[in-house]
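Dear colleague,

Please find the structure below, handed over for your own work.

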Amino acid sequence: MNSSADSPAQEGLRRRAMLIGTAGGAAAALGLAGAGTAAAAPAGSTTSTASPEAAADIDWDNGNIVEMVIVPEAEPIILTYVAGNDATIIVRVTTLLQHAWFDAIAPYHATAVGVTSKLGRRPASEGVTNRNKNIAIMYASLRLLSGMIPAATAQWRALLAKYGLDPDNTTKDLRTPAGIGNVAGQAVVDSRLRDGMNQTGDVGRKYHPMPYHDYTGYVPRNTAYELRDPSRWQPNIVPTDKQGQWRVQEFINPQLMYCRPYTFKDVTKYKLPKPYKSDVHNWRDYKAQADEILSMQAGLTDEQKMTAETFDDKFMALGISVGMAGAEKNLPFDDWFHFHMITAVAVFDALIAAWYNKNVWDAVRPVNAIRHIYGDNKVKGWGGPGLGTVSMKATEWQSYLDIPDHTEYPSGSTTLYHAHSQSATRFLGGDAIDLHFPFPKGSSRIEPGVTPAQDIELHFTSWKDFADVAGMSRAYGGVHFTAAVHAGEQLGPQFGDLAYEFVMKYVKGQV
């Protein structure tokens, strides 16, 4: 990684990717091909659509509907219901959305078959066109998003109507793109309602369902008010988005370790070695790794702060990297979706393995170890937005990034970025990339108007460099020990390989 001014050759690519990048591998940047054709009725449709005159003006025949519509218009809706740094749910939503897209265009491909729905092969005479693929993708998105985020169903329906498609067209006629999209999208929803995540919220409950609520019986060893075991995770008291209101953290979705993966059967085979440095009985190592984070936080550079912020938002960073790489390679329409499916599956399965280990080891976060070691003694650390490095009681010490609502080991983010990068390397046939993340002066989310002091840019020339820096960003942010980062580096790449091999079997029809 290096910092540099933006090169003219990268300016257009960077702007496109930054404008339409999305998540968890979810989508991004080939450029908007040839806008200008009003939406017309789906070929072969037996149900009416909104009038072409009322439809928004996009190019169904040459463009990519995900870039033209779903990313710029559906992404903000998703983010009103799911936070970009909430990895468990954002990865679920974006992976299943890409799964629905993959299955929806498979019938129009020479060899591909859907992962969930086997819908046959559509004859060339019926129209194996971008228009039909785009329409199928829109209907698959409607069914998938309505099933995953039902509270926004009216908004998903309005999105179809805006572009001349009838949201009440529920046909299952596989001779039509609407029928293919409806069947493919609903099949993904149905296949995942009982996959271990408790999406319906009724596991162990008869009344008043609680979607995604834990059913494993996880109880932290420590409370927010008493540190009984300094080796184990302690919930923290953190602010809500309302003034004067605070909440006690809960381990978010510990049941994720039981979620059904795509590429393997037994998650226990991915058990990591014990994080011995987090064992308070190994006092010298326990204190040394806490002191390492203290030192990092006391000497944060603007570049490290922006690196921490960038990779904290998985919805943004994962998607932009795939989008910029896809744009650079100028991937054909179908390859674009295959690429995104591979990276999404890699991240999805890596997250399950990471959460299994988080449950197993239940390790302490840096903030709680630091406060335990030093108590009311003075330490140096980040003083808060715009305050720089100050001397404070250790009981007041706070990490640069917000403390995630789950246990520490391994770093889930590191695991995801390494799975993502390995899957991209496999699909693209090499490690070389040219990724630019520019930050104007004062553009920090945490220290707006202050950081960075001057325009800077993060520049990556290899997927390995991208993943390595993403992992270290968690230590820069003060939320993980470096041992947890190294564990994620060890755990993640194998899921990139598994995802590539899994998805390519479906692309080639070898299932």
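Which residue just after α11 takes a positive phi? It is Asp362, with a phi of about 50°.

Before the details, a note on conventions. This is a predicted model, in which local features need pLDDT of at least 70 and side-chain atom pairs count only at pLDDT 80 or more, while totals for chains, interfaces and linings use all residues. Residues are numbered from 1 along each chain as its sequence is written, and side-chain values use heavy atoms, with hydrogens and water left out.

Overall composition

The protein chain has 16 helices and 6 strands; these are DSSP runs numbered from the N terminus, helices being H or I of at least four residues and strands E of at least two. Of its 511 residues, 59% are buried, where buried means under 20% relative accessible area, exposed over 50% and partly exposed in between (1.4 Å probe, protein chains only). Among contacts (heavy atoms within 4.5 Å) with a separation of 6 or more, 75% join residues 24 or more positions apart. The accessible surface of the chain is about 19,800 Å², and carbon and sulfur atoms contribute 53% of it; areas come from the Shrake-Rupley method with a 1.4 Å probe, and for residues only the protein chains shown count as cover.

Helix α12 (residues 366-374) is largely enclosed by the rest of the structure, because 7 of its 9 residues are buried. Among them are Pro366, Asn368 and Tyr374. The buried residues of α12 pack against α8 (283-298) and β3 (378-382).

Individual sites

Asn64 lies in the loop between α1 (8-20) and α2 (65-81). With a relative accessible area of 4%, Asn64 is buried. Beyond its neighbours within four places in sequence, Asn64 contacts Asn134, Phe333, Trp336 and Phe337.

On the surface, Tyr225, Ile237, Trp246 and Val248 form a nonpolar patch with about 480 Å² of accessible area together. Val248 belongs to strand β2 (residues 246-248) and is partly exposed, at 36% relative accessibility. Patches are made of residues with over 30% relative accessible area and no salt bridge, with nonpolar side chains (Val, Leu, Ile, Met, Phe, Trp, Tyr) joined within 5 Å and like charges within 9 Å; a salt bridge is a side-chain nitrogen of Lys or Arg within 4 Å of a carboxyl oxygen of Asp or Glu.

Yours sincerely
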